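Please look over the sequence and the model shown here before reading on.

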There are 2 protein chains.
Amino acid sequence: MKLSEMGEDRFLAELRERIPDPSSHVTLGIGDDAAGLAIPHGESALVSTDVLVEGVHFTRQTLPPRFIGRKAVAVNASDIAAMGGRPVGILVALSVNVETEEDEVLELIDGVVTRCSELTIDFVGGNLSASPGPMMVSVSILGTSLEGNMLTRAGARSGDAIYVSGKLGAAAEGLDLLQEGMAVSAAGALLVPSGLRDGPVPLAEICLRAHMDPEPRIDLGQFLCKNGAASSCIDTSDGLVRDLIRLCRESRVGGRIEETALPIHPAVLAWERLRRRPPLEQALSGGEDYELLFTSSDEKILETWRDSENTPLTRIGTVTEASEGVRLVLREGTERELTTGGWDHFQTWKSPR
Amino acid sequence: MKLSEMGEDRFLAELRERIPDPSSHVTLGIGDDAAGLAIPHGESALVSTDVLVEGVHFTRQTLPPRFIGRKAVAVNASDIAAMGGRPVGILVALSVNVETEEDEVLELIDGVVTRCSELTIDFVGGNLSASPGPMMVSVSILGTSLEGNMLTRAGARSGDAIYVSGKLGAAAEGLDLLQEGMAVSAAGALLVPSGLRDGPVPLAEICLRAHMDPEPRIDLGQFLCKNGAASSCIDTSDGLVRDLIRLCRESRVGGRIEETALPIHPAVLAWERLRRRPPLEQALSGGEDYELLFTSSDEKILETWRDSENTPLTRIGTVTEASEGVRLVLREGTERELTTGGWDHFQTWKSPR
C-alpha cells in the first residue's frame, strides 16, 4: 500500500505499535505534542540534530531502508558520544514521497527501533510529512552529561597528544564498493559483481558494514569524559582532516599528524592496493568512520582503556601552536599543510556519496 | 553568491556570527557536536520536532525566507506551549539546493534568530546539508516543564468543557489570499492584485500575518498548566476537527462542539462572504491557527485569564463518552459526525498548502 492511500493518522498508529514501552527516563512517551524526559539533577541536557538526505547521504541502491533507520540513530548517537554523554531519547522526522510503499517506511522505522533498543535509547517521538522530492530522515537526539564535564572541541592545548579510535577509511571504502555494485541481500548474503570477485572479498563485508551500520563510540566517550582523559573531542563524520581542522579551530591550536601513525583499516589497504591507489586519501578524507578524534595530556589513563576494551586507540600526532597550522608529516619526512579536503556537502554534492 | 561556491564551513561561520550570546540556560552553545542546556531540578526536558517542506508546507511565493525561519520557530514553540512548558533552546537543520543564493538562506536564519529572541529561546545548534530537491527546514525544540505537571492530550473526562483560544480560520484564509496573488513586500507593504481589490482589504493583512507569522500561545499554556485549569490540551496545527479527534482519541472520550459557538475570525467571515462560501470549513479544517484546544472542568480559574489577558478563550462544546464519537451540532440543530477532514499530509498533498 502506498502512503498516499493510507493517510498520516493510520500510518502513525501503525508506527506506534512498533515502538516498545519507554524506559524510566521517559516521563511522557510518543503521541503528544512533545515528549518528556527526566534529566538527573546536576546534569545538562545534550541536544543534537542530523539529517540524512536521499541522493546526498544515501541512495536506495546503497542503503536499504532498514539501514537508513539504523544509521540515522547511530550518527546522532555518535554526536552525543563525542560529548562524553549518554544518549537517552530520539525523535525522527521523516519526509517521504507519497508514492513510497508503506512497507519501505515501516522497514526504516524497524531499523530505528532496533538500533535504539541496541543502544538503550528511547524512541520518544516523530513526525511524518509528504515530500515532492527525495526522502529525508531528520533525527534529533537528547542525551545527558555531567555538568561542567562535557567533552568539547575547545580544550586542546599545545603539546597534547592527538588520538583516534578504531581504524580509518573502511566506511569510505564500503561506499566505493557499494557504488561499484556490491550489495548485501535482504537475507544477509554478500552479492559480489563479477568485476570485484578477484578482490579481497572477505574484507569487503567489513567495509560495507562500516558504511551501512556504523558503531557510535558511546562507551569510549564516557570513559574519556569521566576520567578527564581527553582535553577535546570530535567524532570523525566528515573525514579525519576536516574534523581535525574543526577541532583545532575551536581549540585555537594547530596540529601535526604522522602518515606512518595513521591506523588505516587493513581492508582499505587491501582494496586500495588492488585499485592501485594510495590508501591515504580514504583514511584522511573518506569520512563517515564515526570514530572519536581526541586530544590528551594524560596518556597513562588511556592505558587502562587500551588494556581492557576492544576499540583500539592510536596516537597519530601532537597538538601544536595555532600559528603552525594543521600539518601532515608524510612517510618520506616532508610535510604538507592540510586544508578542508574532506567531504563538503556543498562543494562536492554533485557526486553524491 | 551561491551556496555551492561558498562551502559548508564558511557558511556555518557566517551563521554563527548572527547568533546572539546564549542565555544562562545554555551550558554549551552552538559549534560543537551537541549543545548543552541546564534543566532545573525536578523538571522534565520536553522535546519536539517539526519539519517545513517546500511545496508542502510553504512555497517561495507564499512565504519569503525570513518568514520561513520565523514560522519554523513558532510552530515548534507551539508544541511546547501545548504541553504547558517553557521553550528553551532550538536546533535548525536546513537542507537546501546548492543553487540557492546565500542571501536567501541568511535571511531565513535572520528570521530564526529574531523570532527566537522575541520568544526568549536560545538558538543552540544547527546543521546544513545540500539537497537535490526542495528546501526543508527541520526544527527541534527543547523546553522544560514541571514534572508530573504537563498538559497532555490524554486527560479529558466526560463532562469537561471544550475550549479554544483566539479566533479560527484566519491562517487558512491568509493562505488562500496568498495563493490568489496577495503578498507583503520586503518593505512591509500589502500588494493586492486587481481581482481582490473589492474585498475587505484591511482585514486581509491580518489573515496573511496569521499564516506567515503565527503566535504560539506560550503564556496561555503555562497558565493552564500551573493552575491545573486544563484536563487536556493540543495545539491546532492541522485544523480544529483533526486535532479535536486526536485529543479525544488519546483521552478515550467523545466530544460535541457547537457551530454557533465557534469563534470564527471576523476576517474569515468577511472574505468568505465575498467568495460566497460558508466560513465553517475554514474554521473546522483550515489548519495552522496554532491556537490551544483544551478541556477544563474548572471554568472559574479560566475567568482569571479571561479578565486579564488579550487572548480570548471560547467554550465551544463539551466532552462526552467515547461511544458518542466526535460530533458537530449545526446551527439548525442537526448533528454531524466529524471525521478527519482536516489536513492530511498524505492524502491531500497534491494541492500543497
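## Two chains and their parts

The same surface serves both copies, since 100% of the contact residues of chain A recur in chain B; contact means heavy atoms within 4.5 Å.

This is a predicted model, in which local features need pLDDT of at least 70 and side-chain atom pairs count only at pLDDT 80 or more, while totals for chains, interfaces and linings use all residues. Residues are numbered from 1 along each chain as its sequence is written, chains are lettered from A and ligands numbered from 1 in the order in which they are written, and side-chain values use heavy atoms, with hydrogens and water left out.

Helices (H or I, at least four residues) and strands (E, at least two) are DSSP runs, numbered from the N terminus. Buried means under 20% relative accessible area, exposed over 50%, and partly exposed in between, with a 1.4 Å probe and protein chains only.

Strand β12 of chain B covers residues 292-296, and five of its five residues are buried, so the strand is largely enclosed by the rest of the structure. On one side of β12(B) lie B:Leu292, B:Phe294 and B:Ser296, on the other B:Leu293 and B:Thr295, and all are buried.

Two strands pair if DSSP finds at least two bridges between them.

| Strand of chain B | Bridges to β12(B) | Direction | A facing pair |
|---|---|---|---|
| β7 (residues 161-165) | four | antiparallel | B:Ala161 and B:Ser296 |
| β10 (residues 232-235) | four | antiparallel | B:Cys233 and B:Phe294 |

Helix α3 of chain A (residues 65-81) has 17 residues and reaches 24 Å from its first C-alpha to its last, close to the 24 Å expected at 1.5 Å a residue. That expected span is 1.5 Å times one less than the number of residues. In α3(A), 16 of the 17 residues are buried, so the helix is largely enclosed by the rest of the structure.

How many disulfides are there over all chains? The count comes to zero, a disulfide being a pair of cysteine sulfur atoms within 2.5 Å. A:Cys225 is in no disulfide, and the nearest cysteine sulfur, that of A:Cys233, is 9.2 Å away, too far for a bond. A:Cys225 is buried, with a relative accessible area of 6%, and A:Cys233 is buried at 0%.
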